[in-house]
Structures are given as C-alpha cells and as structure tokens.
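A short report on both topics accompanies it.

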Amino acid sequence: MKRLFRLLPALLLFSASTFASPAPSTLIANVSGRTTVSLNGSWRAIVDPFDNGRSGFFRDAKPKDKQDLVEYSFDASPVLNVPGDWNTQREPLMFYEGTVWYRRTFSYHKPVDRRIFVYFGAVNYQATVYLNGQKLGQHEGGFTAFNFECTSLVHEGENSLIVEVNNVRSADAVPGIKFDWWNYGGITRDVELIEVPDRFIQDYSVQLTRGSQNEISGWIQLNGAQSGQKISLEIPEAGVHENFASNASGRAEFRIRAKLDLWSPEHPKLYEVVVASGGDTVRDQIGFRTIGVQGSKILLNGKPIFLRGISMHEEAPYREGRAFSPEDAQSLFGWVKELGCNFVRLAHYPHNENEIRLADRMGLLVWSEIPVYWDIDWTNAATLANAEAQLRDMIARDHNRAAVILWSMSNETPVKPERLTFIKQLAQDAREFDSTRLITSALNHVEGSGSDPRVLADPLADALDVIGLNEYLGWYWGRPEDAGKLEWKSSFNKPLIVSEFGGGPIAGRHGDADERWTEEYQNSLFQHQLAMVQRMPNFAGLTPWVLMDFRSPLRMLPGVQDYHNRKGVISNRGQRKLAFYTLQKFYWERAAETESQPVNRKGK
Ligand code: GCB
C-alpha cells in the first residue's frame, strides 16, 4: 500500500503528460488597446500572518451598532500602493511571507450594453478575488496576467474589490521552495476594469507564417459569438483590408499575402493593425519578422544573427523593489542599449507587458521564461498543470510581439528522468500554442572534468531549438584564467547561447584581479570568459549574469551582499562596474563586424 502511495505521483504524471495541452487561456489580449478604468493607487491592506481573515474578511463588514463585534477594519487599515510589492513599502514587511488582504473601493458608472472584466497584470503568488462580497475567482502564479468577468456583480455606484494575496513558498509550486531572487509579495502590476461589448475580440494572432517573409497567417477569436460573425483585419500601411466570418467556435483563421517592411533590431518597424467585429475594435502595433535556426545558426529574417545580450531581473533601478513602471523599463533597457545589446534575457519569469512592448519599439530581441527553476516537484501532476498554465498565459499575452524570439521552458534544472518528461511536455505545449518562435531552456549540466573537454550532453537539448548554457567558471568552480585552457564540445548541432556566467563584486570595491568581491575580479572574469565563449561550438549569442544587482535572500555576506546578488555589471544605484565597459567593448566590436548601421555609442 505504502509503495502504491509512493508510486502514485509518478502514475499521475504519466497520465497528465498524455493529456492534451491545457484549456485555452481566458486572457483578454492587448489590454492597453481597450477601454479600461484603472484601479491602481492606494489600497487598504490588512497583514494577516495566521490567515485569520479566511473567516470572512471578503465581506468587508462594518459594526452594525456600537455593540457589534467586528475584529478587523479595512477603513482603519493603512494603505499599500498598487502596483507595488509590499516588502519595500513597509519596513516590517521586508521579509514577510504570508497573507495580505487588499481592498479598493471605487465608485463606478456602469456603461450600458457592456461586459466588465477585472484584470490583474500580476499578483505574487496566489490571489483570491472578491467583488462586493462574492468570489470572482482564484489565480496561482506570480507573474502571469489574469482576468475575471464581473458584469453581474459590479454595482452602479460604490463597489468593494478585495484580494487575498498569499506569497508563501511551497514545494509543489512554480517556482518551488528555493530561488535566487526576492519573493516580493503583493499586487505587483496594474489592475484595471476592462469594458467590452457583449461580443468582443478575445485574442488574435497576426504573425508571419513560419519561414515566410510575405505571408501573414493567424486567427481571431471572438468571445460570446455565434458562427457567421463578420470580422475585419486591416493593416492600412501594408494595404491589407480583409474580411472573414467566424466559425461555430467564434474563430476565423486566415492566410494573407502582404509586402512588408521587416522588423529587426536596427529597424524596429511596427505596423498599426486593426481588428474589428460588430461593436468592438482593437488596435495594436505589430512588427513582422521571421526567426529560425539552420544548423548551429540563428536566423532573423533569413540571415544569421549574433545575439549580443544580457540577462536581467524585473528589479527596480535606483529604488529597491519589483519594477513595474514604464520609467523602470526605460531605465533598464536604456542600460541594455548602452551596453550595445540587440538581445535581452528576461529572467526567470514573465516580465511586465510594458517591458515587452518597449522592446518591440526599441528593437531588442527577447528571451522570455517561466519560473521552472532549479528543483521543483517533477512528479506532481498539479505542478505540471500549473507550469503549463503559466506557459500558456505568458504566450497568450505576448504572442504578437516581434521582439520575443525565444520561449524558455526552464532554468538550471537537475538531469533526471522525471524532469525530462515534465519539461518535454512544456516544450510540446509551447509549440502547440505558438508555432512561430524558438524553444529554449537554460541548462547547466556539463560532462567532463580536469583536462578533459567539457561536453554539453543534457538529453533535454533534444527537445529544444536553441540551447542555453549557464556556466560559472571562475566563480563557483575553477579560476577565471582556467578559461584559456578549457575545451568545449557539444553533442548537438544546435545554436548555443551562453545564458549565464558572472561574478559578484560590490560596486566601488577595488583591489587585485584575484581578490574576490572586487570590480577587478569580476572584470578579469569577464575578459577570460569572453575569450573562451567564442571558442565554444555553435556559439550564437550570450547573456551574461546580470544587468543590475538585485535583492536575494540567499546572499547574506555583510558589507558586500547584504541580501543582494551583486553579479550586476551595474549596481542597483546605477554605478557601472568595470565589467560593464569590458562587455560593452566586446559588443561594440561584434556589432561593427556584423552591422552596416552604426551602433548607438553612448556612455564612456
Ligand atoms: C544561476 C541562476 C541565477 C542565479 C545565478 C547566481 O545559475 O540561474 O538565478 O542568480 O546563478 O548568481 O548564482
């Protein structure tokens, strides 16, 4: 019997992996292109470490008379700003992991003939949402957007929206118990009411057919529609004016020939795309480019491209905390551009939509990732379903962004059969959700030691289009100068992106190149690494670790780390470390070799 219980998770996994991919996303696409009412701002917040509020805080009760016993009060509780993490807004909450109840009251004039949805850009980690005392729904996953319909529950006049937010880590969650970034809790992205007609455009895909530069293929999905609804698609600047009729599922699929000016980092051309049906019209800005691989090369618009990248967290520059604003994104991507990058790895979870849209406008290629990180509960069917839902919703939100070329399934996961089954399932799902982009994962399994060549042999690579490799020579193993002696081999004829290397000095500490924690050490590590990675087989790009120092509970060394991972080439106060200039020089030289256009030379 005991044995059966031990086997049960594996059996469940087996049956889960033979299921079809998860139900379609319910996300409404392109929220910034809709009629919305912002619910950002000051929310009343009750910190509830023992989950006492589950007894009924969602009712937002007030004492009925002076005798009545109500042991909580949103009205009398202090506020937290939304969007924003709670950790950096109140000092006692810096290390808090638990429940916080948020309440926003709002006065609303209900529009006629409209359906209303409440939309959250992200809540970390679990959210249970109530409107006027009724439960709207629950969401798990700290970095994916979600929306719930509230047409019948929203009132003309005063409303009370309550969200129970919980960020307790758990072994069966995604990510699991241990990860190297701050577990910022709260409503960390925008909250909006979305107003749409009865029948509305839920989502659409308008992308070049894989491998073609002059055929757009895609689909438009209506919500609330019967078959035979008229739908139009216009790209005025490209002379596209097409009409379709929806099928029985409210969907129209199409293929259109078009002559297009292709999107690229040097020329981030976006077209206005207008989708309309009945009373609903949605406008978007979409770029058209192809992405593919040929042997060990990555091809953008049919030509080989070298990816000059950097990894980054969604961490706020200059202030501490989770980044959320367009200004945060501008500062971070400003640095990325200053480094000479054409590519950015958004680690280790889906970032804010405003970042992806900015990447579209600035011409930065993007690697976007779900938080399947280190070791998680590989044999748990619910964990797999959770990861699949996060993958689906990451893709649902950003599948029209030209900037995104790579969906990453995971980061540094241990090589074992149950992990292989799990991530292969994700890769299969991703290809079903989006046939136009490349699939990757950041691997760190290398065979060989001593003077033997290091061999990339992780069997997961079979399921990927592009291999990411995290290798910390000179920091976690060996010395920076060992780079000169190391030989690398790959068992796969696939492009390789060196997705991480690095070392962590505190900005302003100077010393010898062999003294850890100094800028000189990090700089020497970068110099040796940059010489080495170019000798790696199938080398197609790199994203060193990391753009900016970030908070991490794993980094406790006083006077140096103080709960920050210091591997940034820029400090969180914007100080450029020596390694910044070494990487910048490398990228400027690579850009000069490969680009006819001059790169933007700002900075030193
Ligand atoms: C890694 C992880 C990254 C860590 C980094 C480090 O391999 O992917 O999340 O922060 O190493 O600094 O150790």
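The report below treats the pocket and cavities, then one tryptophan, and then the aromatic rings.

The model is predicted, so local features require pLDDT of at least 70 and side-chain atom pairs pLDDT 80 or more, whereas totals for chains, interfaces and linings use all residues. Residues are numbered from 1 along each chain as its sequence is written, and side-chain values use heavy atoms, with hydrogens and water left out.

**Pocket and cavities**

Rolling a probe the size of a water molecule over the atoms shows where empty space is left. On a 1 Å grid over the protein atoms alone, a cavity is a set of points where a 1.4 Å probe fits but cannot get out; a pocket is an open set with protein on both sides within 12 Å along at least five of seven lines; lining residues have an atom within 4 Å of a point. Volume is the space filled by probe spheres set on the points, which are joined across faces, edges and corners.

The largest pocket holds about 770 Å³ of space. It is lined by 32 residues, and D203, W219, R251, E432 and F433 are the closest to its centre. Two or more lining residues come from each of β13 (200-208), β14 (215-223), β17 (251-257), α4 (381-398) and α5 (417-433). Strand β14 provides the largest share, 6 residues. Here helices (H or I, at least four residues) and strands (E, at least two) are DSSP runs, numbered from the N terminus.

In the whole structure, 6 cavities of 30 Å³ or more are found. Of the 15 residues that line the largest cavity, Y125, R169, P175, F179 and N183 lie nearest its centre. The lining of the second largest cavity includes Q207, L208, T209 and R210, and also A402 and T436. The table gives volumes and lining classes, in which Ala, Val, Leu, Ile, Met, Phe, Trp, Tyr, Cys and Pro count as nonpolar, Asp, Glu, Lys and Arg as charged, and the others, Gly among them, as polar.

| Space | Volume | Lining residues by class |
|---|---|---|
| Largest pocket | about 770 Å³ | 11 nonpolar, 13 polar, 8 charged |
| Largest cavity | about 90 Å³ | 9 nonpolar, 5 polar, 1 charged |
| Second largest cavity | about 80 Å³ | 4 nonpolar, 6 polar, 2 charged |

**Tryptophan 488**

W488 lies in strand β31 (residues 488-490). Its relative accessibility is 6%, so W488 counts as buried (under 20% relative accessible area, 1.4 Å probe, protein chains only). Beyond its neighbours within four places in sequence, W488 is in contact (heavy atoms within 4.5 Å) with residues including V446, R454, L456 and M532.

**Aromatic rings**

The structure has 31 aromatic pairs. Rings of Phe, Tyr and Trp (its six-membered ring) pair if their centres lie within 6.5 Å, and planes under 30 degrees apart count as stacked. F58 and Y130 are stacked, at 4.6 Å centre to centre and 15° between the planes. Because F58 lies in the loop between β2 (41-48) and β3 (79-82) and Y130 in strand β7 (residues 126-131), this pair ties together parts 72 residues apart in sequence. F58 counts as buried at 19% relative accessibility, as does Y130 at 10%. Both F58 and Y130 belong to one aromatic cluster with F57, Y72, F74 and W101.

Charges also sit over rings (NZ of Lys or CZ of Arg within 6 Å of the ring centre and within 35 degrees of the ring normal). K269 lies over the face of Y271, at 4.7 Å from the ring centre, and the charged end of R590 sits over the ring of F306, 3.9 Å from its centre.

Note on methods. Buried < 20%, exposed > 50% of the residue type's maximum accessible area, 1.4 Å probe, protein only. Phe/Tyr/Trp six-rings, centres within 6.5 Å; stacked < 30°, edge-to-face > 60°.
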